[in-house]
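Hi,

Here is the structure I promised to pass on. Have a look at it first, and then read my notes below.

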Amino acid sequence: MLSSNTFVDPGKMKDYHYTGPVEHRFSPYSFNGGTVLAVAGEDFAIVASDTRLSEGYSIHSRDSPKCYKLTDTTVIGCSGFHGDCLTLTKIIDARLKMYKHSNNKTMTSGAIAAMLSTILYGRRFFPYYVYNIIGGLDEHGKGAVYSFDPVGSYQRDTYKAGGSASAMLQPLLDNQIGFKNMEGVQHVPLTKDKAVQLVKDVFISAAERDVYTGDALRVCIVTKEGISEQTVPLRKD
Amino acid sequence: MALSNVLQAPAAGFNFDHAARNAEFEALFDGQVPKPVKTGTTIAGVVFKDGVVLGADTRATSSEVVADKMCTKIHYIAPNIYCCGAGTAADTEKTTELLSSNLTIFSLNSGRNPRVVMAVNILQEMLYRYHGQIGASLILGGVDCTGNHLYTVGLYGSVNTMPYLAMGSGDLAALGILEDGYKPDLELDKAKELVRTAIHAGIMNDLASGNNIDICVITREGADYIRPYQVSEYKDKRKTKYKYGAGTTAVLTEKVVPVKLEVVEETVQRNGYSLICDAVTP
């Protein structure tokens, strides 16, 4: 870019000689795209993600889901830098096993969330470039969603979208699940089927306008019976 | 006296009038200068036996958001010359409009159809003068008295001519198809299919290209602009209708102002209107 001090004296040619130490930059991160979404209901939780893995304007894979099953009652969705997503999920799996062997019980969703927060903050000065959302059932069997930032700040939510199309999905969820910005509408509690349909519709919309979201949608539904999965095709272009 | 820019010749050398203003803009926006809409495109052209086929996708992106799902990337230059544009949307639009105006003035002054080489030279001159600051990469195709022509003009003013070309962010994907499938003296159907497959490859493999495919066939007889040639196979499959009843947005105050009208003239059109409509739509 032209800066004002270069053009002020147009008669002077730029000097072609070594000006001193030159900084070269290698970035340890890269953005691999992807969107994740989690919704908590009365007795269920849904974690959904698209399956496109991209870099720049190219596609690495059309079948790389971002939901990872942690326990029978918890699923985590990770989007951002794929290398860090893979390593982070391996670390969480290892810590879950250690907990099971020491305490003779499976970690609850709340405990996993608290642990993840510490793991992420442990790398405060070279963070995991991952946007996490945990969805599952709490100790009382109610749906729970925990959303994180890359360095470990988290809170329990009813619904949350993360990843590249999060800014497009979140307002729609605020309106349809949180009933925000609406008057005189009955606050009907969300049923499992309605929630799944809403999630599918919302991702179809996101795929229309976000280039990093598409190919297919993987929906994981967590209930006390277990975790069921559904795959829905999305735009491939 | 052929071109509009002859009346007021542009100043010699590079124009740095806006450099100080641009530098201040960057400071105002804290480095996050608003990004222009880029077409992030796949465009391609092929010369066949009787003329030229041009093709383009229809997606315009603004960083990673799709700004327009049905934008026009094949621009009219003259009845026998069309131009596909990749790069900054405003730049391709305005550059091709300027070119089209200049060639129309030339046609009127000389009584001749413009030749493709003239269009190429005007574009090259203008883009070189702006030293790449105008972000327009163009593929020009046309048929004139000297034959069938296909040229590409790059950002900085470079010109190439080849029987098959592709530009934009999806150019490598499209070029793979063109390199494999191109043969000299193709028939019209084979040429259209080749260009369609090339653009389709760009759409599937490039994130910044997508949606529908437009094709323009130019022959001695004239131009056949088929928009869209192929509609995207990905249709809106949403099940639920998201509609809001009246009053969902809170009504705070209501003021009704009746507008006083006086009937001055009344005309009733029935069959005549629909006949006119049919003649206009292709």
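A quick definition before anything else: helices (H or I, at least four residues) and strands (E, at least two) are DSSP runs, numbered from the N terminus. Keep in mind that this is a predicted model, where local features need pLDDT of at least 70, side-chain atom pairs count only at pLDDT 80 or more, and totals for chains, interfaces and linings use all residues. Residues are numbered from 1 along each chain as its sequence is written, chains are lettered from A and ligands numbered from 1 in the order in which they are written, and side-chain values use heavy atoms, with hydrogens and water left out.

**Surface spots on chain B**

B:Phe29 sits in the loop between helix H2 (19-28) and strand S1 (43-48) of chain B. Its relative accessible area is 36%, so B:Phe29 counts as partly exposed (buried means under 20%, exposed over 50%, partly exposed in between, with a 1.4 Å probe and protein chains only). Together with B:Phe25 and B:Leu28, B:Phe29 makes a nonpolar surface patch with about 310 Å² of accessible area. Patches here take residues with over 30% relative accessible area and no salt bridge, joining like charges within 9 Å and nonpolar side chains (Val, Leu, Ile, Met, Phe, Trp, Tyr) within 5 Å. The areas come from the Shrake-Rupley method with a 1.4 Å probe, and for residues only the protein chains shown count as cover.

B:Ser63 is in the loop between strand S3 (60-62) and strand S4 (65-68) of chain B, and it is partly exposed at 37%. From B:Ser63 to B:Glu179 it is 116 residues in sequence and 30 Å in space, C-alpha to C-alpha.

**Backbone**

In chain A, strands S8 (residues 143-148) and S9 (residues 154-157) run antiparallel and are joined by 4 bridges (strands pair if DSSP finds at least two bridges between them). A:Val145 has A:Asp157 in S9(A) as its bridge partner. The hairpin has 5 residues between the strands, and A:Gly152 takes a positive phi near 110° there.

Two residues other than glycine also deserve a look. A:Phe179 has a positive phi near 55°; its place is the loop between helix H4 (166-176) and H5 of chain A, and it is buried at 18% relative accessible area. A:Asp215 has a positive phi of about 70°, lies in the loop between H5 and strand S11 (216-223) of chain A, and is buried at 2%.

Over in chain B, the peptide bond between B:Arg227 and B:Pro228 is cis, with omega about -5°. B:Pro228 belongs to strand S12 (residues 222-230) of chain B.

**Salt bridges**

There are 17 salt bridges over all chains, each a side-chain nitrogen of Lys or Arg within 4 Å of a carboxyl oxygen of Asp or Glu. B:Glu187 and B:Lys49 form one of them, at 2.9 Å, N to O. That pair links distant parts of the chain, 138 residues apart: B:Glu187 is in the loop between helix H5 (171-181) and H6 of chain B, and B:Lys49 is in the loop between S1 and strand S2 (51-57) of chain B. B:Glu187 is partly exposed at 43%, and B:Lys49 is partly exposed at 40%.

A:Asp237 bridges to A:Arg235, with the closest N and O atoms 2.8 Å apart, and both residues are buried.

B:Arg196 pairs with B:Glu193 at 3.2 Å between the closest N and O atoms. They are 3 residues apart in helix H6 of chain B, so about one helical turn separates them. B:Arg196 is buried at 16%, whereas B:Glu193 is partly exposed at 37%. Elsewhere, salt bridges with shared partners join A:Glu208, A:Arg235, A:Asp237, B:Arg59 and B:Lys69 into one network.

**Cavity and pocket**

The search of the whole structure gave 1 cavity of 30 Å³ or more. On a 1 Å grid over the protein atoms alone, a cavity is a set of points where a 1.4 Å probe fits but cannot get out, a pocket is an open set with protein on both sides within 12 Å along at least five of seven lines, and lining residues have an atom within 4 Å of a point. Points are joined across faces, edges and corners, and a volume is the space filled by probe spheres set on them.

The largest cavity holds about 40 Å³, and its lining includes A:Asp237, B:His200 and B:Tyr234. The second largest pocket holds about 530 Å³ and has 24 lining residues, with A:Phe179 among those nearest its centre.

Cheers
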